[in-house]
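Work through the exercises below with the sequence and the structure side by side. Try each task before reading its solution.

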Amino acid sequence: MSDKPEKFIDENGIRLDGRRVDEIRPMTVEMGVLSRADGSCYLEWGNNKVLAAVYGPRELHPRRLQRPGEALVRYRYNMAAFSVEDRIRPGPSRRSTEISKVSGEAFEPVVMKQFYPSAVIDVFAEVLQADAGTRTAAINAATLALVDAGIPMKGLVAACAVGKVDGQLVIDLNKPEDNYGDADLPIAMTEDGEITLLQMDGNLTVEEINKGVEMVKAGCEQIFAIQKAALLEKFGTVDEEEVLEDAELQAELSSEEDVSEAVEEVEELVEEAAAEETEAQEEEEVEEAETMFEEDVAEFEEDEEENGEELEVVVAEVSEEEITSESEDIESNEEEGDKYEQ
């Protein structure tokens with residue numbers, strides 16, 4: 001007997017787990033959970049539980065795999081044998097090998113590998129409990145583990161999936177939607193919107209794909225906020241008001257219009273901050289110019305005073321020489337006069 005529900009979305013637009021079509025599942029993050037790893041992260045997303053660990057950069061063996069100009073990033077995705085209801089065979093499988101390859105490539109645009117030539121950075125993502133969307137959950141956890149390890153990165157990477165059930169697009173599929181839905185489209189992207197991973201299982205039209213990408217962007221904005229909050233909690237000071245504002249922002253991100261408004265507000269704040277910074281820089285430059293001018297004037301006056309004193313000394317010396325020369329001439333003339341008289 002199939003466990004497929006009759007309807008995935010009710011007449012009020014509510015899904016089986018109580019979410020709307022554009023809401024992601026609750027996510028919690030804990031960083032630095034493994035003491036022997038260079039960086040680690042434990043992430044719960046809905047009923048998914050993922051542990052990510054980073055080791056390196058370290059020397060790569062065998063040496064024939066080394067890259068002289070950059071580091072090699074090796075990503076390994078694995079599902080524990082007890083992570084699903086029906087126990088699976090432990091060890092690598094065709095599915096885990098494929099996910100490891102494409103997920104590792106999702107970090108290519110952000111990891112600054114050129115700083116560690118001939119080295120290797122190993123990223124391990126272990127799914128402890130699976131409930132749909134494990135590859136996207138693993139990418140989100142691995143991103144934070146890389147940051148925790150101190151790996152230089154140009155930005156964060158977030159991943160989320162969009163699917164189709166009951167003829168309607170929904171974001172962040174749960175297990176029934178993933179198992180019995182019409183399509184699944186996992187996507188990973190950077191903070192500037194560059195897509196680094198895109199896979200599709202099922203059939204979607206071009207219009208549906210475009211709309212799905214926009215829905216994923218909105219979901220990733222929420223994930224970025226959660227990632228940054230986790231990083232601030234570990235590496236920086238967290239202002240309670242800022243945390244409340246982030247929570248309110250996440251609550252407001254329930255529709256595409258809200259996302260657009262939030263983005264506009266953020267852009268306005270950024271512009272204001274940039275204008276204030278520019279004004280402060282201009283004031284600082286004016287103050288530096290005034291200080292330099294005053295120093296130049298003081299230096300000029302000091303030089304003028306020194307030059308005046310030197311000039312007086314020179315004049316005095318010249319006068320002395322002229323007087324001495326004239327006296328010698330007079331004496332010489334007197335001597336010649338005396339000789340003439342004789």
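**Exercise 1. Find which residues aspartate 131 is in contact with, leaving aside its neighbours within four places in sequence.**

Solution. 
- Step 1: Contact means heavy atoms within 4.5 Å. With the sequence neighbours within four places set aside, aspartate 131 touches Arg25, Asn47, Asn48, Asn174 and Lys175.
- Step 2: Locate the residue in the chain. Aspartate 131 lies in the loop between β5 and α2. Helices (H or I, at least four residues) and strands (E, at least two) are DSSP runs, numbered from the N terminus.
- Step 3: Classify aspartate 131. Buried means under 20% relative accessible area, exposed over 50%, and partly exposed in between (1.4 Å probe, protein chains only). Aspartate 131 counts as buried because its relative accessibility is 12%.

A note on the model: it is predicted, so local features need pLDDT of at least 70 and side-chain atom pairs count only at pLDDT 80 or more, while totals for chains, interfaces and linings use all residues. Residues are numbered from 1 along each chain as its sequence is written, and side-chain values use heavy atoms, with hydrogens and water left out.

**Exercise 2. State how many salt bridges a search of the whole structure finds, then examine the pair of aspartate 172 and arginine 19.**

Solution. 
- Step 1: Side chains of opposite charge can pair when their charged atoms come close. A salt bridge is a side-chain nitrogen of Lys or Arg within 4 Å of a carboxyl oxygen of Asp or Glu.
- Step 2: Searching the whole structure gives 18 salt bridges.
- Step 3: In one of them, aspartate 172 and arginine 19 meet with an N to O distance of 3.6 Å. This pair links distant parts of the chain, 153 residues apart: aspartate 172 is in the loop between β7 (168-171) and α3 (175-180), and arginine 19 is in the segment before β1 (27-31).
- Step 4: Aspartate 172 counts as buried because its relative accessibility is 3%. Arginine 19 is also buried, at 6% relative accessibility.
- Step 5: Follow the links further. Salt bridges join Asp17, Arg19, Arg25, Asp131 and Asp172 in a network.
- Step 6: The charged end of arginine 25 sits over the ring of tryptophan 45, 5.6 Å from the ring centre. The criterion is NZ of Lys or CZ of Arg within 6 Å of the ring centre and within 35 degrees of the ring normal.

**Exercise 3. Which type of aromatic pair do tyrosine 55 and phenylalanine 124 form?**

Solution. 
- Step 1: Rings of Phe, Tyr and Trp (its six-membered ring) pair if their centres lie within 6.5 Å; planes under 30 degrees apart count as stacked, over 60 as edge-to-face and the rest as tilted.
- Step 2: The whole structure holds 2 aromatic pairs. For tyrosine 55 and phenylalanine 124, the centres are 5.9 Å apart and the planes make 75 degrees, an edge-to-face pair.
- Step 3: The partners are 69 residues apart, tyrosine 55 in strand β3 (residues 48-59) and phenylalanine 124 in strand β5 (residues 119-129).
- Step 4: Tyrosine 55 is partly exposed at 26% relative accessible area, and phenylalanine 124 is partly exposed at 31%.
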